[in-house]
Amino acid sequence: MTIHTEDQLVSFIKETVRSTQVTDIHTHLFAESFGDLLLWGVDELLTYHYLIAETFRFRPELSYDSFWSMSKREQADLIWQTLFIEHSPYSEACRGVVTVLNRLGFDLKTRDLNAYREYFESVSASDYIDRILELAKVKTVVMTNDPFDAYERSKWAENGNTDPRFLAALRIDPLLNLWDSSWSKLAEQGYAVSSDLSGDTMAEIRRFLSDWISRMNPLYMAVSLPNDFAYPENSVRVRIIDECIIPVAREAGIPFAMMIGVKRKVNPSLKDAGDSLGKSDIGAVERIVSKYQDVKFLVTMLSRENQHELAVTARKNRNLLIFGCWWFLNNPSLIEEITRMRLELLGGSIIPQHSDCRILDQLLYKWDHSREIIAKVLCDKYRDLLAAGWRLEEEEIRRDVEDLLGGTFWKFLGKPDPALNR
Ligand code: RAT
Ligand code: ZN
């Protein structure tokens with residue numbers, strides 16, 4: 001149907017963005033068969049590392065050790081008291097909890113954490129996964145799967161992944177960032193590697209990757225890289241990228257995802273909450289993607305300062321698909337700025353957002369909040385077209401939104417969206 005007025009346009013876009021099912025291309029969630037690796041419930045929500053960092057800012061008297069020696073429930077009580085009762089919860093991570101509690105139908109007037117807890121005692125993981133995926137309108141969740149983690153390996157050995165709504169991503173941070181300590185983990189798994197990369201080491205790393213690709217069937221291989229990531233470079237990391245990751249990605253026909261710009265452990269006392277960010281050299285991205293034009297790269301960068309040059313680099317390299325407003329960028333003001341700029345430079349050939357959820361319930365807020373902004377930006381873009389006399393068809397807008405929320409990703413992978421056959 002043709003759209004004639006601005007009012008019609010705005011309500012159609014809002015409704016379409018709100019109701020379109022998403023492929024969430026990067027999360028830290030797990031299918032039910034991975035047991036307690038899947039985090040869910042209000043105590044997990046409250047002890048999200050983003051909120052831990054915020055709590056310490058308001059508690060100068062609180063020692064790190066005393067916080068870490070508390071039970072999860074005690075930590076959650078303290079965070080609730082500090083960030084929700086003693087202050088108003090308008091930071092994005094706090095607002096997220098409010099959105100989730102609201103979407104679950106809890107009475108927010110009471111602010112009674114124990115009453116919210118009761119619900120989680122009576123629900124099963126399986127029912128809760130169904131409920132959240134349905135409420136969040138997320139059809140497919142891409143996990144982050146770490147073959148260096150012994151506990152996760154045991155889960156792959158027991159059942160593996162049995163839920164088609166969850167798909168794997170092979171995460172290889174230790175291989176590229178911590179070779180000095182990770183080579184022995186490969187050796188323990190039966191690969192003939194040595195710390196100095198001599199002998200069969202490179203072939204054995206390739207064998208390790210191929211074995212895990214067969215076991216997990218991942219959609220891509222992924223790494224987070226420090227802000228000083230350099231390419232090319234005379235380093236263990238770059239040798240492993242050139243001699244192992246790239247050939248294996250090419251052979252398996254899967255992309256290499258690079259998440260660039262992390263400064264790990266700037267405050268180790270904060271544990272997971274202690275990482276930061278730094279501006280990176282876009283030249284490293286330019287050089288690697290243009291050197292390997294037959295390999296696909298998914299790239300996201302953590303610093304706001306890198307976003308414009310990353311979008312321009314994608315204009316020059318069709319084997320580069322940029323994705324998401326990652327971690328410290330996952331705030332409304334920055335999502336809006338970045339999404340607007342990306343659509344202006346690249347049209348719909350981007351993945352505007354991923355959730356990065358660590359806790360299942362967060363799908364509700366991460367996607368609610370992002371959908372609202374994506375819709376707002378799209379309204380402006382289509383309004384400009386309408387004003388310029390372009391004929392706007394509902395079907396075409398629906399197609400575009402489906403692409404932004406997953407279609408572009410599947411086309412880039414060269415695979416049909418498996419959710420379409422479920
Ligand atoms: O956003 C986060 O929760 C971070 O701690 C990281 O997990 C980051 O997203 C990553 O994948 O390294
Ligand atoms: Zn992540």
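## About the model

This is a predicted model, in which local features need pLDDT of at least 70 and side-chain atom pairs count only at pLDDT 80 or more, while totals for chains, interfaces and linings use all residues. Residues are numbered from 1 along each chain as its sequence is written, chains are lettered from A and ligands numbered from 1 in the order in which they are written, and side-chain values use heavy atoms, with hydrogens and water left out.

Helices (H or I, at least four residues) and strands (E, at least two) are DSSP runs, numbered from the N terminus.

## Helix α11 and what follows

Let us return to α11, residues 179-188. Its buried residues are W179, S182 and L186 (buried means under 20% relative accessible area, exposed over 50%, partly exposed in between, with a 1.4 Å probe and protein chains only).

After α11 comes G190, with a positive phi near 95°. In the loop between α11 and α12 you will also find L197, which is not a glycine and yet has a positive phi of about 65°. L197 counts as buried, at 7% relative accessibility.

## Other backbone features

Most residues other than glycine have a negative phi, and most peptide bonds are trans. K265, in the loop between β7 (256-263) and β8, is a residue other than glycine with a positive phi, near 55°. At 57% relative accessibility, K265 counts as exposed.

A cis peptide bond, with omega about -5°, joins Y231 and P232. P232 has its place in the loop between β6 (221-226) and α13.

## S280 and helix α14

S280 sits in the loop between β8 (276-277) and α14 (282-291), and it is buried, with a relative accessible area of 5%. A polar atom of the S280 side chain lies 3.1 Å from the backbone oxygen of N227. This is a polar contact (a pair of N or O atoms within 3.5 Å; within protein, one must be able to donate a hydrogen and the other to accept it, and residues adjacent in sequence count only if both atoms are side-chain atoms). Leaving aside residues up to four places away in sequence, S280 touches P226, N227, I260, G261, M301, N306 and E309 (contact means heavy atoms within 4.5 Å).

At the start of α14, the backbone nitrogen of G283 has a side-chain oxygen of D281 within 2.8 Å. I282, G283, A284, V285, I288 and V289 are buried in α14. Packing against the buried residues of this helix are α13, β7, β9 (297-301), α15 (307-316) and β10 (320-322).

## The α8 and α17 pair

The axes of α8 (residues 125-136) and α17 (residues 362-387) come within 9 Å and cross at roughly 5°. Axes are lines fitted to C-alpha atoms, for helices over the stretch in contact, and angles run from 0 to 180 degrees between N-to-C directions. The two helices, α8 and α17, are therefore roughly parallel to each other (angles under 35 degrees; over 145 is roughly antiparallel, 65 to 115 roughly perpendicular and the rest oblique).

From α8, I132, L133, L135 and A136 make the contact, and from α17, L363, L364 and R371.
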